[in-house]
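Please keep the sequence and the 3D view at hand while reading.

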Amino acid sequence: MNTASLEGKVALVTGGAGAIGAATCNRLAAAGMKVAVVDVRGEAAEEVATAIRDQGGEAESYAVDLASEEAIVSLAAAAIARFGTIDVLHNNAAAVDGGYDRDATLLDLTSELWDHTFAVNVRAPMLLCREIVPHMLENGGGVIVNTSSGASQIASDQARTAYGPSKAALETLTRYIAAQYGTQGIRCNAILPGPVMTPGLQALHTQEELDAVVGRTMLRRFSVPEDIAAMVLFLASDDARQITGQLIRVDGGRP
Ligand SMILES: NC(=O)c1ccc[n+]([C@@H]2O[C@H](COP(=O)([O-])OP(=O)(O)OC[C@H]3O[C@@H](n4cnc5c(N)ncnc54)[C@H](O)[C@@H]3O)[C@@H](O)[C@H]2O)c1
């Protein structure tokens with residue numbers, strides 16, 4: 001992968017304190033990018049930024065609740081003021097903090113959980129794009145990578161009745177943005193991870209359940225956060241210059 005084009009460029013990563021987000025911040029920083037690490041868990045985001053700086057990289061943390069439009073507008077302005085621009089926007093945060101267990105079947109679902117899930121998983125990426133795309137256009141282009149989920153396509157009979165549809169909406173938003181700004185140098189893609197071995201996933205499932213999941217993949221191997229980070233880096237790089245509007249699965253091959 002040729003990542004020379006990313007050297008010195010700026011990435012903003014939401015959910016940057018989480019398992020996949022932190023791995024992605026680290027991978028982008030290792031490729032020479034400056035990173036804005038955004039998360040509602042400010043202290044954890046600062047730890048990620050500090051670790052990057054300790055390695056000689058450049059990073060700044062931002063404690064932001066992405067459910068708030070006002071906070072998103074301020075974030076975009078602050079990050080652009082700090083770094084001068086945003087070249088790569090990685091919308092990765094998701095309202096999994098509400099608890100997958102609360103996001104149950106239809107009859108248990110509350111409007112509050114549905115609205116919060118959509119606010120963080122779909123409205124926040126839309127708002128961040130709306131704030132940052134004008135700066136990308138001024139600079140002649142940019143890259144947007146959204147983290148969706150296989151849950152948009154594979155329905156669960158037990159849970160995630162808000163999460164799944166929110167990710168499907170994020171995927172459609174991805175394609176609309178790609179269609180609207182492609183000729184002006186902006187590429188927008190979504191990654192659909194399958195189950196990724198993260199503390200969050202491990203807290204939700206027994207080892208037996210996890211073994212059953214991995215047993216259904218073609219590679220019989222669990223994804224790790226670094227697998228998703230590698231795809232973000234590739235999509236951000238000029239090697240992916242002909243790829244936009246795509247929904248790309250990184251899941252060990254699910255039939
Ligand atoms: N882990 C998996 O198996 C898996 C599978 C498919 C898709 N995904 C997706 O990958 C992405 C990252 O997930 P992860 O597994 O690293 O989970 P994670 O919980 O480790 O990370 C999510 C991060 O988002 C942050 N966040 C949540 N609500 C927020 C808000 N309102 N404002 C700002 N930050 C907020 C959390 O604090 C957390 O750090 C998510 O979009 C998730 O839907 C994960």
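A residue counts as exposed when its relative accessible area is over 50%, as buried when that area is under 20%, and as partly exposed in between. By this rule Arg220 is exposed, because its relative accessible area is 56%. The model is predicted.

- Four bridges join β6 (residues 186–193) and β7 in a parallel pairing.
- Within this pair, Ile191 stands opposite Ile248 of β7, and Val250 of β7 is the bridge partner of Pro193.
- In a regular strand, side chains alternate between the two faces of the sheet.
- In β7, Ile248 and Val250 make up the covered face, while Leu247 and Arg249 make up the uncovered one.

**Helices on the sheet**

**Nonpolar cores**

- The largest nonpolar core contains 33 residues.
- Cys25, Leu28, Val35, Val37, Ile52, Ile191 and Leu235 have the most contacts inside this core.
- Two or more residues of the core come from each of β1 (10–14), α1 (19–30), β2, α2, β5, α8 (225–236) and β7.
- Helix α8 gives the largest share, six residues.
- Leaving aside neighbours within four places in sequence, Ile52 is in contact with Cys25, Asn26, Ala29, Val35, Gly57, Glu58 and Ala59.
- A second, separate core has 30 residues, among them Leu75, Ala76, Ala79 and Ile144.

**Ligand surroundings**

- There are 29 residues around the ligand, and those that come nearest are Ile20, Asp39, Asn92, Tyr163 and Val196.
- An oxygen atom of the ligand lies 2.6 Å from a polar side-chain atom of Asp39.
- The side chain of Tyr163 has an N or O atom 2.4 Å from an oxygen atom of the ligand.
- For Asp65, an N or O atom in the side chain is 2.9 Å from a nitrogen atom of the ligand.

**Asn92**

- Asn92, one of the residues that come nearest to the ligand, is located in the loop between β4 (88–91) and α4 (111–138).
- Asn92 has a relative accessible area of 9% and therefore counts as buried, the cut-off being under 20%.
- A polar atom of the Asn92 side chain lies 3.4 Å from the backbone oxygen of Gly15.
- Not counting residues up to four places away in sequence, Asn92 touches Thr14, Gly15, Ile20, Gly21 and Thr147.

**Leu127**

- Leu127 belongs to helix α4.
- With a relative accessible area of 3%, Leu127 is buried.
- Apart from neighbours within four places in sequence, Leu127 is in contact with Glu69 and Ile72.
- Leu127 and Ser68 are 59 residues apart along the chain, and their C-alpha atoms are separated by 9.9 Å.

**Residues with positive phi**

- Most residues other than glycine have a negative phi.
- Arg160 has a positive phi of about 65° although it is not a glycine.
- Arg160 sits in the loop between β5 and α5.
- The relative accessibility of Arg160 is 23%, so Arg160 counts as partly exposed.
- Arg220, also not a glycine, has a positive phi of about 55°.
- The loop between α7 (207–215) and α8 holds Arg220, which is exposed at a relative accessible area of 56%.

How values were computed:
Residues are numbered from 1 along each chain as its sequence is written. This is a predicted model: local features need pLDDT of at least 70, side-chain atom pairs count only at pLDDT 80 or more; totals for chains, interfaces and linings use all residues. Side-chain values use heavy atoms; hydrogens and water are left out. Two strands pair if DSSP finds at least two bridges between them. A nonpolar core is a set of buried Ala, Val, Leu, Ile, Met, Phe, Trp, Tyr and Cys residues joined through side-chain atoms within 4.5 Å. Buried means under 20% relative accessible area, exposed over 50%, partly exposed in between (1.4 Å probe, protein chains only). Contact means heavy atoms within 4.5 Å. A polar contact is a pair of N or O atoms within 3.5 Å; within protein, one must be able to donate a hydrogen and the other to accept it, and residues adjacent in sequence count only if both atoms are side-chain atoms. A residue is near a molecule or strand if one of its heavy atoms lies within 4 Å of it.
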